[in-house]
Amino acid sequence: MRLNPFDTSNIKVGSAGGGGGGRRAGGVGCGTIVIALIAALVFGVDPMETLSTIEGSSAGGQQTSQSTEMSEQELCTQNAYATETCNALSSLNTTWEQVFAEQGVSGFQQPSLNFITDAGNFNTGGCGRASSAVGPFYCPADQTIYIDTSFYQQLAQMAGDGGDFARLYVVAHEYGHHIQTVTGISAAIRSAQAQNPRQSNQLQVLMELQADCYAGVWAAKNASLIERGDFEEGMRAAASIGDDTLQRRAGQQINPHAFTHGTSQQRMNALKLGFQGDDRQCDAITQIR
Ligand SMILES: [Zn+2]
């Protein structure tokens, strides 16, 4: 995707790293799982082990001093992946602000992006403590996307370049969770889950598929920037992180009750639906009767 250069007046970028003790991460959500599972695919480790490492790694506050404050410009140009992420964020902000404005909703709140600058544990603004190993995730409480760009480096080293769109899809998916937060969809799903615990997983899957769909909408609304192969890269990425595929690769029986993000086919369908460019079709995914 040929993204335009980021505009620092249109993005909110900070950093997270080091910091003292604190609560353990409570709302890490899908990002953790996605990344643990991608790690499982790429590195051949047991995703559950990765997850428990992440979950367990918050024990014991690490007393690292806060890294020196960097400007948005510096943060966004620290490496090529950071620049790509800032370019994507700038585009996502412009695109979604316009979608909301067109539907008569003013005052759209942009999410923040925090680059995780130190290895180890760090404090999020609203989701407690997290580990730099978690990879990209969205924290609804502080409306911030957290990204450690070294994840992309590892991914490229171990698995080769899956294409830029595979990476952009991750950022756009996390942004999709921000959309769900500002529209109140997240809150509605959480309350539906509380009322209906047996459907909790199913509802979680719908949330994730909707985030995939919103990622596709962003791409569709920037069709002029799409390059040959982007669509296929997105489809391949969606296919490779379906719950059924991940379970099969881990040598497990396919267990739909343990699904959190949907099957490969569902994820590809959700992204494809988004590629049609109508966010209302994505809204409909979580409409609960
Ligand atoms: Zn997600």
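A crossing of two helices is right-handed if the near helix is turned clockwise from the far one by less than a right angle, and left-handed if anticlockwise. The exercises below use a predicted model.

**Exercise 1.** At what angle do helices α6 and α8 pack, and which hand does the crossing have?

*Solution.* 
Step 1. Locate the helices: α6 covers residues 164–183, and α8 covers residues 200–220.
Step 2. Take the axes. They lie 7 Å apart, at an angle of about 115°.
Step 3. Classify the angle. Values from 65 to 115 degrees count as roughly perpendicular, so α6 is roughly perpendicular to α8.
Step 4. Assign the hand. α6 passes α8 in a right-handed crossing.
Step 5. List the contact. α6 supplies Y169, A172, H173, G176, H177, I179 and Q180. α8 supplies M207, Q210, A211, D212, Y214, A215 and W218.
Step 6. Sort by class. The contact has 8 nonpolar, 5 polar and 1 charged residues.

**Exercise 2.** What span does helix α4 reach from its first C-alpha to its last, and what is expected?

*Solution.* 
Step 1. Count residues. α4 runs over residues 80–102 and has 23.
Step 2. Compare spans. The helix reaches 33 Å, close to the 33 Å expected at 1.5 Å a residue.
Step 3. Look just past the end. There G104 takes a positive phi of about 80°.

Terms used: Residues numbered from 1 in each chain as written. Predicted model: local features only at pLDDT ≥ 70, side-chain atom pairs only at ≥ 80, totals over all residues. Helix = DSSP H or I, 4+ residues; strand = E, 2+ residues; numbered from the N terminus. Expected span 1.5 Å × (residues − 1). Axes fitted to C-alpha atoms, helices over the stretch in contact; angles between N-to-C directions. Parallel < 35°, antiparallel > 145°, perpendicular 65-115°, else oblique. Contact = placed C-beta atoms within 7 Å. Nonpolar A, V, L, I, M, F, W, Y, C, P; charged D, E, K, R; others polar.
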